Amino acid sequence: MKFDFTLDTQQQALVEENLLVIDKVISRYIHVNEGVCGLGWSDLYQEGAVALCKAAATYDGASAQFDTYATTVIRNHLYNCCKAVNTRQRNLPSVSLDLDFSDEDQPPPYPQPSVPDGIDELLGRMDAADLLADCKRRYSGVARLGVEALELKVKGLSGADIARMYHTTPNNVGACISRAAKKIQKDFPGSVEK
């Protein structure tokens, strides 16, 4: 969509002061779908920013508060963008992935190790143990309890066993583990698989 306008300094300030309106509109009115090109959060945010600039350029200052006016302009613009993306998606040709390949076209099978040695599993356990030991030193409170519970789970104990050890319920153990996992994921991105 093409817009031919230039913002003056007052309109630019209005846009800068109201950038959170874009987040609010996307969160409240739009279904973000990262799997569809054009419906991801960053795509929608960019379109919302264009619409916020349009709202600042066309705002008369008398009809409503700017954030109310901008919310309507951004929402309508994003609805139009989503409709255009959905129309493009519907018009894409579909390709069947159920193709028949001859034996010559097949890739060679992935070679499996002849003797399973367990080294990968051992290294994975060592990495997890080192990470949990480091987190145990850093954290306190519920997060530390969660790390301790994670260590016990790695050793093979069940949630019910851990709950008995701490004289609590399995749900509380699960909550502690969840809190610790979120904190570890925040502090060490990529270390916790989803």
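The questions below go from the whole chain to single residues.

Modeller: Please keep in mind that this is a predicted model, in which local features need pLDDT of at least 70 and side-chain atom pairs count only at pLDDT 80 or more, while totals for chains, interfaces and linings use all residues. Residues are numbered from 1 along each chain as its sequence is written, and side-chain values use heavy atoms, with hydrogens and water left out.

Colleague: Which pattern does the chain follow when it is read along the sequence?

Modeller: Helices (H or I, at least four residues) and strands (E, at least two) are DSSP runs, numbered from the N terminus. Counted in this way, the chain has eight helices and zero strands. Read along the sequence, the pattern is therefore α-α-α-α-α-α-α-α.

Colleague: What percentage of the residues of the chain count as buried?

Modeller: A residue is called buried under 20% relative accessible area, exposed over 50%, and partly exposed in between, using a 1.4 Å probe and protein chains only. Applied to the 194 residues of the chain, this gives a buried share of 25%.

Colleague: How are α3 and α4 oriented to each other?

Modeller: Axes are lines fitted to C-alpha atoms, for helices over the stretch in contact, and angles run from 0 to 180 degrees between N-to-C directions. The axes of helix α3 (residues 41-58) and helix α4 (residues 66-90) come within 8 Å and cross at roughly 135°. Angles under 35 degrees count as roughly parallel, over 145 as roughly antiparallel, 65 to 115 as roughly perpendicular and the rest as oblique. The orientation of α3 and α4 is therefore oblique.

Colleague: Which residues of α4 make the contact with α3?

Modeller: Contact means heavy atoms within 4.5 Å. On the α3 side, the contact is made by Leu44, Glu47, Gly48, Ala51, Leu52, Ala55, Ala56 and Thr58. On the α4 side, the residues are Phe66, Tyr69, Ala70, Val73, Ile74, His77, Leu78, Cys81 and Cys82.

Colleague: Is Asn18 buried or exposed?

Modeller: Asn18 is found in the loop between α1 (9-17) and α2 (20-29). Leaving aside residues up to four places away in sequence, Asn18 touches Leu52, Phe66 and Asp67. With a relative accessibility of 14%, Asn18 counts as buried.

Colleague: Which residue meets Glu148 in a salt bridge?

Modeller: A salt bridge is a side-chain nitrogen of Lys or Arg within 4 Å of a carboxyl oxygen of Asp or Glu. The N to O distance is 3.3 Å, and the partner of Glu148 is Arg144.

Colleague: How far apart are the closest N and O atoms of Asp161 and Arg164?

Modeller: Both residues lie in helix α7 (residues 159-166), three residues apart, about one turn of the helix. Asp161 is partly exposed at 29% relative accessibility, whereas Arg164 is exposed, with a relative accessible area of 55%. They form a salt bridge in which the closest N and O atoms are apart by 2.4 Å.

Colleague: How many disulfides does the count come to?

Modeller: A disulfide is a covalent bond between the sulfur atoms of two cysteines. The rule used here asks for a pair of cysteine sulfur atoms within 2.5 Å. By this rule, the number of disulfides is zero.
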